[in-house]
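Have a look at the model first, then read on.

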Amino acid sequence: MSKVTLTIDGLQIPAKEGMTVLEAAQASGLYIPNLCNHPDLKPAGLCRVCVVKMDDWKIAISCKLPVKDGMVISTEDPEVQQIRKSTVELLVANHPMTCLTCEADGDCELQRVAHYVGITQENLNRYRRSVRSIPIDRSNPFFDFDHNKCILCGICVRTCDELQNINAIDYAQRGVDSIISTLANKPIAESRCESCGECVIRCPVAALAPKGAQEPMREVKSICSYCGVGCGVMLGVRGQKVVSVEGDRDNPVNKGSLCVKGRFGYRFINHPERLKTPLIKKNGTLEEASWDEALDLIAEKFSNSKGDKFAALASARITNEDNYLIQKFTRAVMGTNNIDHCARL
Amino acid sequence: MMNFTEIQEQARQEWDSLQSGSVPVIAVGTATCGRSAGALGVVQAFEEEMSEKGVEAHIVEVGCIGPCYAEPLVNITKPGRATVAYKNVTKKMVTEIVDNYLKGDDPLPHYTLGSFGEGTVENIPRILDTPSFKPQERRVFRNCGVIDPTNINHYIANEGYNGLSKALTMTQSEVVEEMKKSGLRGRGGGGFPAGRKWEAGLNAEGDQKYVVCNADEGDPGAFMDRAVIEGDPHSVLEGMIIAGYAIGADTGYIYVRAEYPLAIRRLERAIEQAHEKGFLGNNILGTDFSFDINIFPGAGAFVCGESTALTLSIEGKRGMPRVAPRPRTTEQGLYDKPTLLNNVKTFSSAPMIITRGAEWFASIGTEKSTGTAIFALTGKVNNCGLIEVPMGITLREIIYDIGGGVADGGRFKAVQTGGPSGGCLPESLLDTPIDYDSLDEAGSIMGSGGMVVMDEKTCMVDVARYFLDFTEIESCGQCVPCRLGTKQLLDILKDICAGKGKKGDIDLLIELSQSVHGGSVCGLGQTAANPVLTTIRYFRDEFEAHINDKCCPAKVCKPLISFRILEDKCAGCTLCAKSCPVNAISGEKKEVHVIDQGLCVQCGVCMEKCPKKFSAVECLSPKLPVAPKETTEVVA
């Protein structure tokens, strides 16, 4: 891709052909306020907050505007400022003012653009406030859907479509009644949603928010233990407790994506009934044992069961390498071809 | 199959035998507008009367004739005489007309609008000489009200399919060139040069191309597309077929409102007939060109009149306009294929341009806006209806000559053009010529052609509120400025009308209007604030009166008005008290009556009922103070 240079507010910015103005700005560390844009998704151009002026005459949306060599962009033109300010003020005037108790507080894109645009109480008082009062959809066990906070950026819809190919949600109704909805507006748990939570992590406000989320004090890089894919995870830890899981965007396997188990199924880690040692049945009851004790017992029993009376059933949760070892062990050590796999149901 | 000359010959014979036969022809306007005024009952009455009295005549059901105020309209042509147009025909009048004019020779002049066509009829003025009709030029409406829209031969006999036959002997570029030369601009409201669009369609690369006709007429008060389809469906089909030939498309779609059932039926019938005659289908008129047309009934969203939302809707998707920058529809339209999308009237104009030539078309109108414009003239005007006038005519000529002036002798206040996206223009702009650019400059638009005349009894704040109420509901909701901006504008306007306007509201309305205009994705949002901006621009004093003085100068906004009975005029007739729906009026017979301001709901019935000779009820704004309720102390 050929390199181009454009000017944003007087600064010469390098970019590659095919980039949008917003991408070029972000790549150079410049902030153009935006709400409906997400680097993983195709630009939608709906929030109109990333508005800029192009070559001193045309109002354009920077997330959809392809860069051109020699292009001159202004993000502070008076017309741009006015459109951006009205748009953000309109969003805030229709948004619940519950920031301190909101899950997204401090990590909210609406707060960020509002702060950047410079919203004052005095300005806001001129508006007629109107906040929806739609019951929160709490049907999903892992996250809640609060339509009253929704700014209809459509990131969740595009995530479900472009990244997950599930299409559990879409726009419904029209005008101010527009809403992100499942088919026939059923509770999300009754829709075809697979609860992967990809939309939840991308929601710029807290319209989609994980249930009972806690802010971690530190992060620990790890690998998800659920299956053989080996997705990279960042475990959020507080004290000795895992309180959150995020996909590791640097991991080449999943690039930040996770499934419902990897993202939300972490509470077993600190569960009081979780097994932490092997159990051996002695006199009819299971008793805690050491790993050496358990492995010795297994080795002893396996030694007496060689040949076709032995069969091994491997798990899909382990890696390919481990599965290879099991079949090798079964054939070479146990002397049988009775080997199968739980995923072949 | 017959060749075109034979088809024409046969059609002309049928038409001529009807026109110059020995029996009278009775043409009844039975488009949707005529039907709602009772035209079908009139047809039935003629049939019954004639069979009962042994009178022979041909009854032809024709499309919309134009003057809505005179519906149901009946045009009667007796052999060798001019056509007499009867207005507001009732069943009782039918009996009289049959007895006096069909059986006898008295045309009953008091029932007529006038006469037209060859010859004269005694005591009846020529319609086309009247100020109401003289400035009109019926081109798109050339066949509406003249031919039977369900009879393809009527259309063919009136130059129909001549344009197609001629176009097929031309090259594609020649057809496009003729369209460009005509200067025809898109009649859907945007005014983009049609020829250039056709050229882009021709030049677009692709094996599959589409022609789409936008018949999703959604503006409140606009019904000209319906009239054209119902009255002359073949003209639209012919235009589309010519367009298909010009750009190399083989399939056409007509996206028509499902709320236009008669129009859809007329189109279905016309498509069937065009197939039978070989104007649609494979190898049209023996050439290599094949084309077919499908009808797609719209699902009722105003925004689907926007081209990209319309094509998405045909694809079965949610009708939301695509966000710019995006490819033009001529490059990527329906199913992402090159698509030529024009309005009903644009297509209907194409056959005339090809048949009579671009120069003929451009011979009327202005340099930059050629041809005619169609308006649905309505509101407080004497002669409402559909009018077709040369571009460049002034608003004053339309309202005072064609429209016959403001209704009930009222005083003109404003005219709203272009539907909900248009603007309100004051008296000082009445000499503005009607063309795309002049209207744009004045802050309004040509739009779909709605034209609402308002008198001094109209509150301009209330008008702005009314139109915003429409756009707010019809916003698709995808972009923030339109979705929330129209709502905010509406909420502020509602407050102002309710006397809850705040200082600074006018500035906020202007500021938001500009942002909604500059920030919205599509034309709906970009023009939604026009009614607000123009009413503030030209009638700012009314906004200020509402906000600062809590006064509605036009005495329309109920929360700002009061009714009062004048002591020196009230004769105590009790009519007002008897008709008050909330029993707010008290007073003995032959004594002065009083309205309890605390109970009054400002319905105005008392003012209506008060006999003219007394005129004892007056309407006031700002409101009268409400007397505090007397409290009675209850002693236990």
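The contact draws 30 residues from chain B and 28 residues from chain A, with two residues counted as in contact if their C-beta atoms, placed from the backbone, lie within 7 Å. Keep in mind that this is a predicted model, where local features need pLDDT of at least 70, side-chain atom pairs count only at pLDDT 80 or more, and totals for chains, interfaces and linings use all residues. Residues are numbered from 1 along each chain as its sequence is written, while chains are lettered from A and ligands numbered from 1 in the order in which they are written.

**Chain B's side of the contact**
- α17 (460–474), α18 (480–497) and α19 (505–519) of chain B each supply at least two residues to the side that touches chain A; helices here are DSSP runs (H or I, at least four residues), numbered from the N terminus.
- α18(B) gives the most to that side, with 10 residues.
- By class, the side of chain B that touches chain A has 12 nonpolar, 10 polar and 8 charged residues (Ala, Val, Leu, Ile, Met, Phe, Trp, Tyr, Cys and Pro are nonpolar, Asp, Glu, Lys and Arg charged, and the others, Gly among them, polar).

**A covered helix**
- α9 of chain B (residues 224–231) is mostly covered, with 8 of its 8 residues buried, meaning 20 or more other C-beta atoms within 10 Å of a residue's own.
- Among those buried residues are Met224(B), Arg226(B) and Glu230(B).

**A helix pair**
- Trp198(B), Gly201(B) and Leu202(B) in α8(B) meet Ala243(B), Ala246(B) and Ile247(B) in α10(B).
- The residues of this contact of α8(B) with α10(B) split into 5 nonpolar, 1 polar and no charged.

Note on methods: A residue is buried if 20 or more other C-beta atoms lie within 10 Å of its own, exposed if 12 or fewer, and partly exposed in between; C-beta atoms are placed from the backbone.
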